[in-house]
Amino acid sequence: MYRYTIQLTTLLLALLCTCGPAPLFAQATDDFRKTAPEPGPAPEIQLGDFEDFTLDNGLQVVLVENHKLPRVSYQLFVDVPLHLEGETAGAQDMLGSMLRRATTDRTKEEIDEAIDFIGASLSTSGNGAYASTISKYKEDVLKLMADVVLKAEFPEDEFNKVKEDTKAGLAQETTDPNAIASRVRRAVIYGSDHPYGELMTEQTLENIDLAAVKEVYATYFVPNRSYLVMVGDLTPEEARRLAEENFSDWAEKEVEVPEFATPERPDGVTVNFVPRTGSVQSNIIIADPIQLKPGTKEAIRAQLLNIVLGSGFNGRLFANLREDKGYTYGAYSSTNEDPIVGNFQAYASVRNEVTDSAVTEFMNELRTIADEPISDKELMDAKMQTAGSFGRALESPQRIASYALNTVRYDLDRDFYPDYLKVMQNTSINDVEEVAEEIITPQNVHIIVVGDKTEAEKLAQFATSGKVNYYDVNGEPVDMEAMSAPTDATPEGVLNGYFEAIGGKEAAMALENVSMTMEGSVQGQTINQTMVKTKDARMSSQTSMMGMVLADQRYADGKAMVKQQGQSMPLPDEAVAAMKDEAALFPETAYLDMLDSITVEGSEMVDGEQAIVLAITKNGQTTREYYAAHGGLKLQTVKTQGPQTITQSYADYEAAGGILFPRTIKIEGMMPIPLEMKVTEVTVNGEVDPNLFEIE
């Protein structure tokens with residue numbers, strides 16, 4: 001029967017195609033496809049029954065009932081007021097990491113075990129905690145969350161771990177160009193005298209002790225500035241009982257709420273540049289503060305506007321800078337609403353040589369969307385995208401919790417989120433145009449660029465003042481004139497200063513050999529490297545992972561060998577010459593014999609430290625070495641290998657055999673992510689196996 005049905009259907013289709021008026025049918029089909037269907041009415045949003053009440057101590061509790069699934073989630077949000085942390089900037093973030101480290105009743109391990117046992121999740125931040133579980137354990141997980149926040153203990157040993165983790169995270173942040181651009185954006189558009197523009201730095205992190213973290217907790221974690229949002233399989237009676245059982249003993253306390261001036265747009269266009277040694281691309285952000293309050297029609301319209309401009313692959317910025325010009329992998333924008341002050345930004349990472357051209361295109365797109373109405377199709381597409389993303393967001397209990405929290409915290413109309421799609425659907429092109437005129441002002445914006453210094457002055461044309469402002473990775477202004485190399489700096493003087501810094505030229509040149517053992521991490525896997533170099537410029541280096549040798553490199557007597565996973569690789573003459581240079585114990589000894597090929601290029605900042613730059617030209621290639629202006633140690637090497645620019649950084653110098661060697665070596669440009677190697681052992685003048693230098 002099934003086979004007969006298929007055959008009959010096929011026969012009918014064949015008859016339609018051969019016997020019917022085919023041209024007319026095809027024309028009708030084409031016309032149908034050319035006409036987009038009319039959008040239907042906005043769907044009705046069901047967030048669930050929404051109730052709220054306040055405990056005697058001032059804690060506001062919000063319940064969003066949803067009995068479709070046997071799950072519950074809890075969010076405790078502490079509304080810490082805007083405040084400046086000053087010399088201990090970052091203490092609130094560290095508090096978030098400390099909250100789950102211990103309670104008066106449990107160690108960190110016991111907390112983790114209790115959460116895992118019931119298959120729940122629990123996370124903390126500087127503004128509270130979030131937890132979720134199945135209904136069976138709704139009481140257990142809320143008690144755990146309450147204990148973590150209200151019975152928090154702050155063990156010194158756990159604080160030390162958190163501080164080390166924070167230090168590592170900050171080091172990564174201040175060397176990642178995207179993170180640097182974001183940090184400097186905050187400092188520039190808000191100002192360092194506003195909490196939104198205040199940044200954690202190495203110095204403020206060093207200032208943070210356990211007492212500073214406890215002070216944040218004692219001052220700001222109070223019930224009368226907090227909200228408990230419950231979402232899921234709970235009745236109002238259960239919600240009230242659980243809230244009172246777990247949080248009614250939390251003592252109320254008044255908190256001072258400082259006032260700050262609202263950041264304003266700049267008077268004209270400013271260009272703000274962060275020189276980053278060895279950058280192969282420029283990270284561009286065009287941004288300014290805006291007034292865009294949550295829970296308003298303007299916020300919804302701004303979302304539609306941003307979709308048209310650059311929230312994704314279909315935005316104008318993406319179509320222009322990637323698809324048309326090929327400057328970047330992606331160009332985007334965002335509008336962020338906030339009760340105090342929001343922000344707008346457009347951003348992309350582009351090749352060095354097109355930095356100024358990319359900024360030109362950004363500014364063109366901003367002027368166009370600010371001055372000209374968007375099209376009917378763009379508006380319809382934006383509405384469809386918004387409807388889809390809003391609907392998907394409602395599948396997340398955490399997102400529902402945030403909607404409920406916003407409603408109570410900002411005193412929004414209770415129908416704002418249920419009517420969100422209706423308001424969006426009724427938005428006209430004129431509505432979007434009015435918002436565009438308010439929040440996109442290309443004549444009053446900050447342009448922030450992180451990149452190679454050679455691109456900086458090309459951007460002065462965009463600045464109203466005609467000048468480029470320079471900043472370091474912490475958003476602090478840099479006086480580039482003061483950054484110029486000392487007038488008496490010479491290549492010979494810099495190189496001799498380096499030898500003096502590490503322990504003396506005679507002592508360094510007297511070494512017979514140096515052996516190093518290093519360890520790093522790649523995608524969670526440990527990578528090990530051993531390297532031996534000798535006075536007569538022989539080198540042997542083996543890199544391994546999980547017991548398997550990935551690379552074996554050797555150089556001796558003008559010959560070189562490279563094996564990758566046991567397979568020999570053919571080497572061109574230039575690669576052999578490069579390995580010869582790498583084999584030198586100290587390349588500076590060779591530099592002293594070729595001073596005519598070395599120039600002092602100036603001075604740059606390397607990870608917050610001023611460095612004198614030497615440009616060494618050899619065999620048509622230029623290598624740049626960066627030596628600390630104060631102290632003389634080598635901080636960085638930048639060289640080009642084929643299409644790649646390789647940046648190698650050196651830090652944490654320690655002595656071995658009376659000579660200082662870097663104990664942290666970071667390599668950028670060889671892989672999509674930086675590779676940081678820690679030197680675990682250095683041996684000088686040890687016994688060396690001559691077989692290490694045998695070349696097949």
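Visitor: Is A537 buried, exposed or partly exposed?

Guide: A537 counts as partly exposed, because its relative accessibility is 25% and buried would mean under 20%. Keep in mind that this is a predicted model.

Visitor: Where is A537 found?

Guide: Look in the loop between β14 (525–534) and β15 (539–545). Now check the backbone there. Phi of A537 is near 65 degrees, which is a positive value in a residue other than glycine.

Visitor: Which value does phi of D411 take?

Guide: D411 is not a glycine, yet its phi is positive, about 55 degrees. This residue sits in the loop between α15 and α16 (420–425). D411 has a relative accessible area of 68%, so it is exposed, the cut-off being over 50%.

Visitor: Let's turn to a helix. How many residues does α7 have, and how far does it reach?

Guide: Count residues, then compare the span with the expected one. Helix α7 covers residues 177–190, which makes 14 residues. From first C-alpha to last it reaches 20 Å, close to the 20 Å expected at 1.5 Å a residue.

Visitor: What lies at the two ends of α7?

Guide: At the start, a side-chain oxygen of D176 comes to within 3.2 Å of the backbone nitrogen of N178. Just after the helix, G191 has a positive phi of about 90 degrees.

Visitor: How many residues of α7 are buried?

Guide: 11 of its 14 residues are, so α7 is largely enclosed by the rest of the structure. Among them are I180, R183, V184, R185 and Y190. The cover over the buried residues includes helix α6 (156–173) and the strands β7 (270–275), β8 (281–290), β10 (342–351) and β11 (446–451).

Visitor: How should I read a nonpolar core?

Guide: Start with the general idea. In soluble globular proteins, nonpolar side chains tend to be buried together. Here the largest nonpolar core has 61 residues. I284, I286, L305, F362, I440 and I447 touch the most other members.

Visitor: What does I284 touch?

Guide: Leaving out residues up to four places away in sequence, its contacts include Y347, V350, F362 and V449. There is also a second, separate core of 55 residues, which includes V148, F159, A212 and L242.

Visitor: How much space lies in the second largest pocket?

Guide: About 1400 Å³. Next, ask what lines it. The lining has 47 residues, and V80, L82, N127, P195 and Y196 lie nearest the centre of the pocket. The elements giving two or more residues to this lining are α3 (91–98), α6, α7, β10 and α15 (397–409).

Definitions and conventions: Residues are numbered from 1 along each chain as its sequence is written. This is a predicted model: local features need pLDDT of at least 70, side-chain atom pairs count only at pLDDT 80 or more; totals for chains, interfaces and linings use all residues. Side-chain values use heavy atoms; hydrogens and water are left out. Helices (H or I, at least four residues) and strands (E, at least two) are DSSP runs, numbered from the N terminus. The expected span of a helix is 1.5 Å times one less than its number of residues. Buried means under 20% relative accessible area, exposed over 50%, partly exposed in between (1.4 Å probe, protein chains only). Contact means heavy atoms within 4.5 Å. A polar contact is a pair of N or O atoms within 3.5 Å; within protein, one must be able to donate a hydrogen and the other to accept it, and residues adjacent in sequence count only if both atoms are side-chain atoms. A nonpolar core is a set of buried Ala, Val, Leu, Ile, Met, Phe, Trp, Tyr and Cys residues joined through side-chain atoms within 4.5 Å. On a 1 Å grid over the protein atoms alone, a cavity is a set of points where a 1.4 Å probe fits but cannot get out, and a pocket is an open set with protein on both sides within 12 Å along at least five of seven lines; lining residues have an atom within 4 Å of a point. Grid points are joined across faces, edges and corners, and a volume is the space filled by probe spheres set on the points.
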